[in-house]
Amino acid sequence: MPKTMTAIDEFAVKLANFVIAKRWLVIFATLLITVGVASGARFLTFSNNYRDFFSEFNPELQAFEEFQNTYTKNDNFFFTIVPAEGDVFSNETLALVEELTTEAWQIPYSIRVDSLSNFQHTYAEEDDLIVEDLVKGAESLTADELAEKSEIALTEPLLRNQLVTADGRGIAVNVVVQYPEASPFEVPETVAFARDLRDRMLAKYPGHEIRMTGVSMLNNAFQEAGFADTTQMIPLMYLLLLVLMAVTVRSVSGTVVTLLMIAFASVIGMGAAGFARIGLTPIALSAPTIILTLAIADAVHILITMRNSMRAGMNKRDAIVEAVRVNFLAVMVTSLTTAIGFLALNFSDAPPFWHLGNISAVGIVVAWAMSITFLPAMISWLPMRAPKPKAETGNSFMGSLAGFVVRNNRKLFYGLGAVGVLLIAAMPRIEFNDQWTEYFSPSIQFRQDADFSNDYFGFYPIEFSVQSPGSGGVSEPEFLEKLDEFTAFLRTQPNVTHVYSLTDIMKRLNRNMHADEASWYTLPDDRELSAQYLLLYELSLPYGLDLNDRINIDKSATRVTATLSNISTTETKVFLDAARAWIAENAPDYMKTTVPTSAQVMFTYVAERNVSSMIAGNIAAIVAIGVVMMFALRSFTIGALSMVPNALPILSAFGAWALLVGTVGFSVAAVASVSLGIVVDDTVHFLSKFVRGVREKGYDRAGAIRYAFETVGYALVVNTVVLVVGFAYLATSHFKMNADLGLLTALAISFALIFDFLFLPALLLRGSGNWITNTNKDDRTGDTDDAQTQAAQ
Amino acid sequence: MMHRPKLRSKRLAAILAVVTLGYSLINPITWADDAEDKGYDIAARSDRTDTGFGDSEVTAVMTLTNAAGATSTREMYFKTLERENEQVGDKSLTVFVTPRDVQGTALLSHAKILEPDDQWLFLPALKRVKRISSANKSGPFVGSEFAFEDFTSTELNKYKYKYIGEETVDGMTMDVVERFPLYENSGYTRQVAYVDQDVYQVRKIEFYDRKDSLLKTLSLEDYREYDGIWRTHKLVMTNHQTNKSTTLSYGDYTFGTGLSDNDFDKGVLKRIR
């Protein structure tokens, strides 16, 4: 053995002996550290702000923050009210809306309430300008009055399809809230209040459906989805792992210790997150499930080696030392590459991925440390019987598989190569979709309410702060004309349900000022007149309904809001591009700086942002993992070469996803580096066996391939099954991002096994294998694979 | 001989005092009445220092600041005619000087105590006077954080009062009085006014919104005396919910310029240049 290996082996033996001799100290220290770090969990909070999905450097977020500082925060509750039958212009429904409007002012942090009832209806009466609530005393309105309200509401551009549907079936109350953002409980408490208000309204006005959406409900849904995941997914995950352990380890003690170990690793990961004051998003909350999946592998390798040694006649203590010795390097290398893959997530633009990466990396490192300290210490204390010698079954299958691969290597090489190339060619067909209502599974209330509300009202606001020639410029006739053209253009776009524009207010005021004559429903043609109309209008508006959220303070810009129906990211992009193109072509120079912004715009580009920021992350991961591979395989060239069979299955997985599913959310950006860190393990094991077969055992290439299959094949299958099950299990998450991440990673891991078994040998039998066998270096591949050798027996 | 009755009366007084005190302790209404009376008295005393000025003229600059820190100014002047009868409000005329687009736009207001004010607006570009019929009293004044009622003269009978206690602010001992709007359509549930005990001027007002959360704080600074009449020259209104603020700075007041009801008739609006 090379000197360094001996040194590592010696260290491993010393460590194992120390751990067994001082097992109580080790167990006690483990418990102490676990409790100490896990105590950080008390600082954990659930994130309830969609902005947590964006780093502060995200340009779309910066634009939107600036927009909100100029106008108003867009946090809101949106109540959609639908009577069981008939239209909303009934005494009961309007009374409901009136009462809800008044009561909504009691919602904590509410700063504005808009509805049909408090809509400031303006009309002329001789030289008087009357400004009043559109609906007052709804209960006692006569049929004629109701018909009049209906007529006014359904022809008012500011109301139709925004607060009442054109067919009169649905009506809405919008409540703008502004949180001080001083406490994590603000959102859930406010949501609880609003829900209680809705329940009171439902009790008082039966025969109505009231659903709540809006940014506050979205923010709350992130929290509720995370909570549902934590309480429902993780217990089931333990059950799943229990079964897997029972099948592979076949020992009560081993199973118990492993479960303890992975539980400790995940609580330490979460405790560390608490100390770092991380606000947990559903994405970060998939970390425990991932830690459980990855941590189990370390324990399984060590326990299986130990059992095999005992079966071969070793006593328990010696078997433990041997298991630690032969697995030490393998477990370290695999943990290291996996941790690197997760740490690369720090390059992402989305903080939840930083959290997921760092929590998982902590858990992985802790699991590794425990597998060589706490695990042997516990096992040496707990009873464990030597299993009866058993006939080997797996090897014959693996042997024939090897034979098959060698025989058909040419077909496999070109066939799989072609499949790989075809799949990779399909990659560009992947379509990003980050429609945030669909982030949530239909079991989450918010998703149900959003789906309901979408049948009546638009869902995704797109904001434009339209720039005028300067201070007071919003009154400039030329500007108003352009603004009106822009508004008209937006209204012709597909999927636009409503456009809120100052021009509608100006036209109405102009008509009001001319005795409500329809012919005066035009824009004022005089700057001073417009400015004075605005002044008049501002003076007449009641508390909370001012124009501050529509016109900036020096009146140099006004806000236009286009509301889109529940459409995909791609369709949103079409809209945004069309709007930008219109501005570029038609807007005067002063207006050209107008850009679309909003939460929806942020989510529309979140996938691109993260994919582009993760390119650097993936390169860093590939380089770092490549270095580890060179160390593990003890050769620069083989290490570098090994990256080919690793990259191929991951890229093919993306291609397969493009063909099978088509769309993916921004979590796709995380898949590459995470799965790379995991799939390299298979290659390490297989390649090192192959090289050892050639160099130590003197096999030819076909023989070395057979040797690799027989020694490591079964363990790779077991490992892959555990990982695929664990990641695929994320598909049950209430949060679609986790499902995408889990399924894609599971697909990549499955592909990796297929490529390692069927393509890599074929590759080795061809040019590169020749090249490897001819590399006659003094150093030999290490014993990283001994674990697998033993495990496979 | 005189001892006994005296003693008896003393004892009687003591018993009465104990009974009264005990009663008032168990009966909060009595306390509330006391607090209301004292609150009203303090407000009335402050209000009296303001009465008897007859009429006034003053220029003002209003500076608006939004959450991003951007600012914008409007200049205007006010003419006010006092009406001594506490059951009716003062008459005021607000004329905008800048921004230039609204120069000459004039708002005439006949304040009422509990009903909506009578308001007329003259739009020079339209050359018409329009009466504004609006039930809204606490709506924002030209996009600022002030409602019109926040900076025009305070009418005593618009509120019900409650004395809260004393507090020292900026080295001054203040009486703290809560006041509850009696008129409809107010955006406020209550206001907390801080009145100094020295010259009885309101130094600070906290406004609580419909859900009784702190909405705005008005700080009244730079008080100056004009022959016994005190006037603040700087009002700063800070909105705690939106982080916007507005500063209203007054120039020097002129009193007794001989204004009369004729100067506050809607007919004069058109004659303002």
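Helices (H or I, at least four residues) and strands (E, at least two) are, in this talk, DSSP runs numbered from the N terminus. The structure before you is a predicted model, in which local features need pLDDT of at least 70, side-chain atom pairs count only at pLDDT 80 or more, and totals for chains, interfaces and linings use all residues. Residues are numbered from 1 along each chain as its sequence is written, while chains are lettered from A and ligands numbered from 1 in the order in which they are written.

I begin with the backbone. Most residues other than glycine have a negative phi, and most peptide bonds are trans. In chain B, the bond from B:T98 to B:P99 is cis, with omega near -5°. B:P99 sits in the loop between β3 (91–98) and β4 (106–110) of that chain.

In chain A, A:N161 has a positive phi, near 65°. This residue belongs to the loop between α5 (143–155) and β6 (171–177). Is A:N161 buried or exposed? It is buried, having 20 other C-beta atoms within 10 Å; the cut-offs are 20 or more for buried, 12 or fewer for exposed, and partly exposed in between, with C-beta atoms placed from the backbone.

I turn now to the interface. Contact requires C-beta atoms, placed from the backbone, within 7 Å; by that criterion, 35 residues of chain B meet 39 residues of chain A. On the chain B side, β6(B) gives the largest share, seven residues. Strand β5 (residues 128–133) of chain A pairs with β6(B) in the parallel sense over four bridges, where pairing requires at least two bridges found by DSSP. Within this pairing, A:I130 stands opposite B:S133.

How values were computed: Two residues are in contact if their C-beta atoms, placed from the backbone, lie within 7 Å.
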